[in-house]
Every structure is written in structure tokens, then in C-alpha cells.
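The following exercises ask the reader to work through a protein fold step by step. Each task is followed by its worked solution.

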Amino acid sequence: MVREVDGDGHGAVGRDAYDAAAAAARDGYGRLVALLAAADGDLQAAEDALGDALERALRTWPRSGVPGRPDAWLLTVARNRQRDRWKSAEARRTAPLVPHLAERHAPAHLDDVDPDAIGDRRLELMLVCAHPAVAPAARTPLMLNTVLGCTAEQVAAAFTVPAATMATRLVRAKRRVQAMRVPFELPDRSHLPGRMADVLEAVYGAYVIEWSTAAVEPRRLPPEALRLAEILAQLAPRDPEARGLAALVLLSSARAGARSDDAGRFVPLAEQDPARWDAARIARAHEHLRAAHARGSLGRFQLEAAVQAVHCARRAGEPPDWATLRRLHEALSRVAPSLGGTVALAAVVAETDGPEAGLAVLDGMGGTAGSSGAVAAARYQPAWATRAELLARLGRADAAGAAYDRAVSLTHDPAQRAYLVARRAALS
């Protein structure tokens, strides 16, 4: 079935075509890349072919109509693009003379592939990206970019590194996958434990990006973190960290509806109404936490989930258990130190020991990580927002105002920016 559109592609119908292409790219990107890259292991070429197909969709769908199966349409156009590349003189000169690869390069390789009939291969491709041949620092970013469709800029923000640095890292990783001829197949179960940590990190990265972009681009990403975290917990039910990650994502997503009020204004966690939290997700998260605790091995994701569980145990009008939160954050800083963990610890210390003590924690950020840690801390928005709040509590209005200004400049969420601007204005 094809929807009719006007001739010039403008107006509401043209927007429908654009929205359909955007939805197909957003929801099927990793799945289609996995199908296309399985032919020859060339991630960059698979992305290029899919990009050409999406560009063609934006040109043709407003005129000819949106196909009934957009994913199948995109796969057909992309595999034709691959076929043209395989037939080119350059490919014939550079293709390896290996029988099984020659067969995979055959033009009919993808002719019978039906994207609606094949299972979701994103987890398979994530495990490929975690292959030992890929540099450890590039594995999680590669999964986020190639499998989950996050931009290099979003991945760079999640890792607090410059976008250009991340883009270079991703290009090198994709070339490495092709050069090492990493097989696109599920590894033996004996290899799963060695790759699971990288996959969990990627799902956690998706959770961070989804959480930070939900208000700015509510349809930019599907809830991949929640879905993949549950899949991993089912795949490895005896892995306490897989269970802990599932609990963490569930507890965070349970509060998503309370992050803003009916007027769209940002609501800080301490001021949220617990009645607006998703009780079913909280209960499911506790099932994962109990299963993880029974394994007797403590890890980062379990600690982060425990922090969220304490917040979700708060009753309306009451503060959370700050003493327990401090113990959990101190344990987390020992097990897995990070910028985000340090900022959270500073905020909790300010509640237990006062704002001066919280500022002292913030002032120590980056000190043990060298100059790179200090640079990352300087552009980390939560650090500036927390610093501004603590300075305001101490009555240091000028310093608080400067910190608020810096936090506002680093904030992309309109609701959070409006909240910080209001806090800034209240200083005077």
C-alpha cells in the first residue's frame, strides 16, 4: 500500500514522507546495518549504502508515496548500492581471493532477505563490535554509533570527549573490523563473558543518551536501553551486572513521566511526586536487584541501581535517606570512579555535611585523572549546575551566578535551561 502525495513533495504529505523516513532510520538503523554488513564485514560501506537509500527515500517518497514496508524498501535500495560497489573495478581489484568471501560477494546474496521475517540482529552486531580485534576504547562507542544509531556528537557527549576525537575513533574502529575480517556471527557462549562487559557499557551509554535527549528530541531514539537491558538479563540471568543494569534502567525510566509538570516545566528529582512514578517498573527492578544480590558479587551497575532504588523509596513530601545514599555513592566512587559519580557524591555530601563539604568534593574533580580529566570536568554540565546550587546556598551570589551561566551554556534541554535561568534570576 502506498500513500498518495502531492507532486512537489511540500506540505503535510511531504512532511509525512519525511517523518516516515526518519522513523525508518531511527527504529531500523542498526538492524539494517547488521544485515548489510554481514555480507562482507564492511561497516562503513554498509552505513554508506543505507545512507544513500535514506537520501533516495527523502527524494522519492514525497512524490511517489511512502511504501507499505519502508524497511524492506530501504534494504532493497541499499543492497543494490552494495551490488554496484561489488561489481566495480576497484572492488574487483581489492576483494580478497577467499572462496567463502567470494560467495558472500555474489550479487544475489541479499536478494531473498526479508527484513520483516528475520530476527533482530542488533545484539549479534553488538557482540561483533566487542570482538578482541577492536580496540577496547572503541567498542562501546562503535556499538552506540553503528548499532543503535547514535550520532558521533551524542556519543562524544556521553564520553565527555571532543566530537572530532570520537569521530576519528569510530572511523578507525570500523576499518579495523573490516581489515581483521571479524566474522558477523554470534560467538560461542564461552566467549560471551569476555564481551558482556562491553555490551553492558553500550546499553548503559544508550540509557545515558536517551535520558539526556528525551526532552530535546522525544522521538530521536526508541527506548533501546530498556529493551536491550531486559534481553541481556534474560540471556545471562546469572550475571549480577546484567541484572543490575536492567534494574538501573527500569528505575530511571520509572521516573521519566515525573521529570516535568503538566506545563512542561522541569522538576528536580527531590521535588518529584512519587505518585507519578511507574510502580510496575519499580517492582520489576527490585526483582532484578534481588537476583543480582543473591550472586554475592557487587559491581557498578548494581550500586547505581541501588542508588536509584533509594530515591524511588522516598515518600511524597519526605527527603530521601541521605546517609544510605552517601554510603552507596562512596562505594561507587571506589568501584567505578567517574565524573557523574563524583558530582552525585558532592551533592549528597552537601546534604549530610553541608555545602562547603560538597564544594570540596567538586574541587577535587579531575585531580587524579590528569589534565584530560580536568578538561572533561570543565565541560561537564551537571558539575556546574551542582556547583552553582551549593554556592547559592552559601550566599556567594556572584560566584553562583557565574556557575549558573556556565551550566546554562552547556544545557541542551529547554526545560532544564529554563529552570537554571530561573534559579539564576532568583539570586538577585
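Two residues are in contact when heavy atoms of theirs lie within 4.5 Å. With this cut-off, among contacts in the protein between residues at least 6 apart in sequence, 67% join residues at least 24 apart. The model is a predicted one.

**Exercise 1. Overall composition**

Task: State how many helices and strands the protein has, and what share of its residues count as buried.

Solution. The count of secondary structure elements gives 21 helices and zero strands. Burial is then taken over the whole protein: of its 428 residues, 48% count as buried.

**Exercise 2. The packing of α2 and α3, and the place of arginine 81**

Task: Describe how α2 and α3 pack, then locate arginine 81 and identify its contacts.

Solution. Two quantities describe a pair of packed helices: the angle between their axes and the distance between the axes. For α2 and helix α3 (residues 70-87), the angle is about 125° and the axes are 8 Å apart. The two helices, α2 and α3, are therefore oblique to each other. Their crossing is right-handed.

The residues of α2 that meet α3 include Ala46, Ala49, Asp52, Ala53 and Trp61. From α3, those that meet α2 include Trp73, Leu74, Val77, Arg81 and Arg85.

Arginine 81 lies in helix α3. Its relative accessible area of 36% makes arginine 81 partly exposed. When neighbours within four places in sequence are left aside, arginine 81 is in contact with Ala49 and Asp52. Arginine 81 and alanine 46 are 35 residues apart in sequence, while their C-alpha atoms are 9.4 Å apart in space.

**Exercise 3. Two further helix pairs**

Task: Classify the packing of α12 with α14 and of α16 with α17 as roughly parallel or roughly antiparallel.

Solution. Angles under 35 degrees count as roughly parallel, and those over 145 as roughly antiparallel. Helix α12 (residues 240-254) and helix α14 (residues 300-312) pack at about 30°, with their axes 8 Å apart. On that basis α12 and α14 are therefore roughly parallel to each other. The crossing of α12 and α14 is left-handed. Their contact involves residues including Gly244, Leu248 and Leu251 of α12 and Phe301, Ala305 and Cys312 of α14.

In α14, 13 of the 13 residues are buried, so α14 is largely enclosed by the rest of the structure.

Helix α16 (residues 339-353) and helix α17 (residues 355-363) pack at an angle of about 160°, and their axes are 6 Å apart. That angle makes α16 roughly antiparallel to α17. The crossing of α16 and α17 is right-handed. Among the residues making this contact are Val343, Ala346 and Val349 of α16 and Ala357, Val361 and Leu362 of α17.

**Exercise 4. A loop residue**

Task: Find where leucine 410 lies and which residues it contacts.

Solution. Leucine 410 is placed in the loop between α20 (397-409) and α21 (414-426). Leucine 410 and proline 382 are 28 residues apart in sequence, and their C-alpha atoms are 9.0 Å apart in space.

How values were computed. Residues are numbered from 1 along each chain as its sequence is written. This is a predicted model: local features need pLDDT of at least 70, side-chain atom pairs count only at pLDDT 80 or more; totals for chains, interfaces and linings use all residues. Side-chain values use heavy atoms; hydrogens and water are left out. Axes are lines fitted to C-alpha atoms, for helices over the stretch in contact, and angles run from 0 to 180 degrees between N-to-C directions. Helices (H or I, at least four residues) and strands (E, at least two) are DSSP runs, numbered from the N terminus. Angles under 35 degrees count as roughly parallel, over 145 as roughly antiparallel, 65 to 115 as roughly perpendicular and the rest as oblique. A crossing is left-handed if the near helix is turned anticlockwise from the far one by less than a right angle, and right-handed if clockwise. Buried means under 20% relative accessible area, exposed over 50%, partly exposed in between (1.4 Å probe, protein chains only).
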